[in-house]
Amino acid sequence: MAGGMREGLEMAEALSSTSSSCNEVYKFPTEEKNTQSQISLSLSINSASTDVHDAPPCWTLKAKTISPWHELETLADCPDNKREELLRRKLQLCSTVYDFSVPSKRREKMEKRGTIKEIIAYVLSKPSLKESSVQAMIDMIASNIFRALVVKERSPFDALDPDEPELVPDKTWYHLEVVYELLLNLIKEVESKIAARVLTRGFIVKLLDLLESDDTRERDALKLILRSIYSRLQPLRRFLRQVMQNACLKVIYENEMQNGMSEILDILRSIISAFQPPMRSEHHYLLQKVLLPLHKVRSLPYFHFGLQQCIVLYIGKDAGVLCSIVNALLLLWPNSMSAKEALFLEELEQILALATHSQFLLFQEQLLRRLALCISSTSSLVAERALGFWRNEQIVALFDKHRDLIYPVILRALYTNVRQHWQSFVHTRNYEVLRIFVDADKDLFDIASAENRRRAADIERKDAIREKRWQTLQDMFNKKHGVKPTTEGVKALQKNDSVKIGDSSYRMAVTWNHACPGTPPEIELQTLVVSQDGTIVDVACSNKEHACGQALRFQFTQMAEATPLTKAGCYCSAVSVSIPNLPPKAQLLLFVVSEFSQGGFRAASHAVFHVLQEPGLNRVAQFSIDHRHSGLGIVALMKRPLQKPTPWSLERLGVFPRAGQHFMDVLEPDIGHIVRSIIPSAPKRQKVRLDVERGDIVEMPCSQLLKQAFVSIGWDLSRKGLKNVAAKDQAHGLLDVFAALFDVDGKQVVTVSAKSPESPGVHCRGIGVTSGGFFFDLMAIPRGVSQIFFAAIPKSQDFAVELIQELSCVVLDRTGAELGRYEHRDVDGGTAGFLSSRLFRKSGSSRYSFQGLGCCVAGFRSEDMLDAMQQLCHASPDGESLDNLTASLTECSSAMSSAGLSQDDRVLPVRLRRTVSL
């Protein structure tokens, strides 16, 4: 101990001989150019015990690295001949980018910020800068601000949601703020010729891309910088206009950017305000090809205010464009989004306030027709906004000059509201407008009211004649075919009519005839079960014949003999509904009539929806389905009061979307709008997630709507697996997963796995300890591919099935919502691979279907499973074909046994559940 004490004292004396304190700072040269590291040495005595005899003192040498920022003197104190070199070194240090998501290097970050502020002061104090110095500053700025942005994906409904959470500010803003301040001062202080040369076109394009940032402070700074560039650097004006136009066109045709559009339109508004009449061709191009088409994008609520101001400015510069603007708005009018429709009405009101009488006559017919539809809209927001036109004095004065044109059209909509609208505030506004009409011209009001009553009587008379003619045709048909329908007690439902449903079992049936020669139309009645919270919890259809246990049962038949419902040879798709067996959470049942193949629904004739009470199939109600212009129809719904378990009621809907062949294609906005109109707390976006049993099939949305999908195969390690698996296996996983693509002839196209991760439209996202996944760009998959199989194989021959548990395959859409899930519930046997599930599509169809397979196949390579996959390729996905496949796999297993293979090498067939076969 004495020796150690003596050595420590000698070291302390050596240090004190070269410095007056043991904390003297020493400088040592390093290999870096023009930089030195400063090492601070301190000597301290640490004792592990209060008794000096228990342990000797420990002498510790501490080294602290002092930042190189302190080595450089300030620009103000530096001589003139060395200032440019010092500025270059400071800019080189400022080009270092730090990670602001971690709390490390706080001192360096603060020193960098202080250095940039020093450079800003230098720029403001120096009257002229060399072009090389300005270029170095621009390079430093580019290295700091150009980065990958993390942008939150939002929907158009989020812009209208008052409860939408605020976006998290960018943590780097405290540092970026001074960088943007330096760029702004460079643009203002540097000579315009030098600034125009150093600000390249690529720099400006990247600067505009930063407007996608979620941080509003950064977008405001960028807007100010871009305005300064446009106002001060005249050579760049034309290019900047083109870049902003391209950004708008990108939003129109690709719908990629939501942030930044408000800022771009704010800059364009400043540019438009400087236009001088007459308008040039490029100004008209900006209006016709850029600003007006922006009205049709889904993200319009995010930037509508700026767009509206640009449109009004154009009218102020050239009144002749008003008619073309109004016609464009009427042409792009939204039909399925009431919030967006209200924005259109707001803009139209502001435009009409600037219209002249001669201009109004050019578009009055289309305008009044649209205004009448908005007044009688079932959306209270749209109706109130349309009725608010009569609170604008300029519009009232304009309409007052053309009362003879307005009264007949608008009065019909006002009287429709009086009879049908549900919102009391709409009724109040409605009566206000009626009072304005009476006060303005009572005689014309009486004439228009009488004309409206006559028109309504004519419509009722024509409807009665139509019903009478139809009944005559029905009687002639019944007489010719000897059908004696029991019409007593049967209610013919009109649109929005309802009928009470008792607490018993019913059968909802759709019957139709084949209108054209050839293949019979493929139609089915699909039933969606909606819970009290507005979510779709189950579905009954041809691929899933039971729902809610046994409460709903799907059936499909062809009538061999004439019945009270229809003649022989007619087709019938039906769903039996057992009211007592429905779960308490079930609130709505939606009935959707859809076609399997293109033209199926349209090729049917005399399609009728029947409500039959079981037993005995006594008819309760019926109505015809007008399906001439659609391939799908939401024809009826059953609902019960929120506070009462019974009785249920059935209401006729008659909603026929313009596109779609399956209910998955019209979840939004059609089905979602119906559900939210009854259950306001329902989700903003309806999604369907179904658990798939072995052999079940889940239809997915058509590829044009789905576009992208993700398939994941996952498993858990059992207790035995966690204890016995080696560390290297846990790091690299027990199973390999792969996807095999086959064409319509059953030939293998390609296999995608971790070893071969890329193929057109398919990408393996990697394989982990307990999962592997594949990303699909459905529109990029070659048309010849008809089936995609998903399988998992052991990585080594030491693998045993008992090492894993809960093997599953999940299909997700691009938002992360589950479309289908299949779980292997009875995995057993020896060493085997797993043929989990598949995606397949019919020839010429763009819709994929997901089916759980659940086959166990011996082998440790993907090639060992190709035989089973090829057999499945040639088999129909229905239950009978899958049973035939099981037999085929059994024969294959017997052949392997006769060849002398062990039990572990045989194919392990699993009997698949029989599904509905049409």
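Which helix holds both R88 and E85? That's helix α2, residues 80-94, where the two sit three residues apart, about one turn of the helix. Helices here are DSSP runs of H or I with at least four residues, strands are E runs of at least two, and both are numbered from the N terminus.

Before going on, a word about the model: it is predicted, so local features need pLDDT of at least 70 and side-chain atom pairs count only at pLDDT 80 or more, while totals for chains, interfaces and linings use all residues. Residues are numbered from 1 along each chain as its sequence is written, and side-chain values use heavy atoms, leaving out hydrogens and water.

Stepping back, the protein chain has 26 helices and 29 strands. Of its 918 residues, 47% count as buried (under 20% relative accessible area; exposed is over 50%, partly exposed in between, with a 1.4 Å probe and protein chains only).

Now back to that pair. The side chains of R88 and E85 meet in a salt bridge, 2.5 Å from N to O; the term means a side-chain nitrogen of Lys or Arg within 4 Å of a carboxyl oxygen of Asp or Glu. R88 is partly exposed at 40% relative accessibility, and E85 is too, at 39%.

The structure holds 29 salt bridges. One of them joins R369 and E365 at 3.2 Å, N to O, and these two are four residues apart in helix α15. In helix α20, three residues separate D458 from R461, and their closest N and O atoms are 3.8 Å apart. Elsewhere, K223, R227, D266 and R269 are linked in a network of salt bridges.
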